[in-house]
Amino acid sequence: MSGYDQCSDEELILRIQSGEREISDYLMEKYKEFVRKKARAMYLIGGETDDLIQEGMIGLFKAVQDYRPDKETSFRTFAGICIDRQLYNAIQSSNRKKHLPLNSYVSLSSEEETGALEARWSENPEAVMIDQERTRALRQEISRTLSPMENKVLKYYLQGCGYVKIAELMGKKPKSIDNALQRIRGKIRAGIEQQL
């Protein structure tokens with residue numbers, strides 16, 4: 001893998017397409033944290049972040065396979081779209097009862113990241129606007145409902161910190177952070193139920 005970090009992602013993709021398949025492992029490792037952050041930003045009620053990370057890694061793999069350097073977009077932008085699309089599709093296709101927890105989700109990522117993609121996925125721009133307004137309102141309601149400590153815990157959690165790391169950062173016991181995360185989940189669930 002030595003020397004790969006000296007090349008742009010676009011150059012690496014060209015090398016993969018020329019037969020250097022081992023470079024794809026390097027790109028998958030390089031973007032793993034990027035995938036993790038996107039997956040954690042998609043909050044699943046009763047779901048597992050690990051499931052979403054797996055889906056995000058599938059999206060990243062597709063991006064490595066499908067990216068064309070001659071297009072006017074960077075690999076990182078293209079990978080972000082592929083990862084978001086894979087996460088979105090995983091949630092949308094989870095209407096089967098065995099995946100019931102995936103049916104209730106709240107995107108906690110920023111509007112800038114998701115707005116353009118939602119428009120591409122939806123046939124109805126009005127529905128997209130209504131969903132964006134509901135998400136914004138839900139985010140505000142969640143922020144208002146949570147205590148200052150819970151808001152801080154949620155912020156660290158969405159940045160990818162586990163409850164032990166959050167406890168370290170906040171000078172609290174891991175159990176109190178775990179309890180805070182449980183309260184946050186309950187309040188978010190209640191907020192979603194009020195909006196339905």
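Which residues form one aromatic cluster? Tyr 31, Phe 34, Tyr 67, Phe 75 and Phe 78 do, and the views below start with them. This is a predicted model, in which local features need pLDDT of at least 70 and side-chain atom pairs count only at pLDDT 80 or more, while totals for chains, interfaces and linings use all residues. Residues are numbered from 1 along each chain as its sequence is written, and side-chain values use heavy atoms, with hydrogens and water left out.

**View A. Tyr 67 and Phe 78 form an aromatic pair.** Rings of Phe, Tyr and Trp (its six-membered ring) pair if their centres lie within 6.5 Å; planes under 30 degrees apart are stacked, over 60 edge-to-face, and the rest tilted. By this rule there are five aromatic pairs. Tyr 67 lies in the loop between α4 (49–66) and α5 (75–92), and Phe 78 in helix α5, eleven residues apart. Helices are DSSP runs (H or I, at least four residues), numbered from the N terminus. Tyr 67 is buried, at 1% relative accessible area, whereas Phe 78 is partly exposed at 21%. Here buried means under 20%, exposed over 50%, and partly exposed in between (1.4 Å probe, protein chains only).

**View B. Two charged ends sit over rings.** Look for the charged end of Arg 76 over the ring of Phe 34, 4.2 Å from its centre. Lys 155 places its charged end over the ring of Tyr 156, 5.2 Å from the centre. To count, NZ of Lys or CZ of Arg must be within 6 Å of the ring centre and within 35 degrees of the ring normal.

**View C. Asp 84 is a buried residue of helix α5.** Its relative accessibility is 12%. The side chain of Asp 84 makes a polar contact with that of Lys 38, at 3.2 Å. Such a contact is a pair of N or O atoms within 3.5 Å; within protein, one must be able to donate a hydrogen and the other to accept it, and residues adjacent in sequence count only if both atoms are side-chain atoms.

**View D. Helix α1 (residues 9–17) has buried residues Asp 9, Leu 12, Ile 13 and Ile 16.** Seen down the axis of α1, these fall within an arc of 100°, so they line one face of the helix. The arc is taken from the directions from the helix axis to the C-beta atoms. After α1 comes Gly 19, with a positive phi near 115°.

Key
Helix = DSSP H or I, 4+ residues; strand = E, 2+ residues; numbered from the N terminus.
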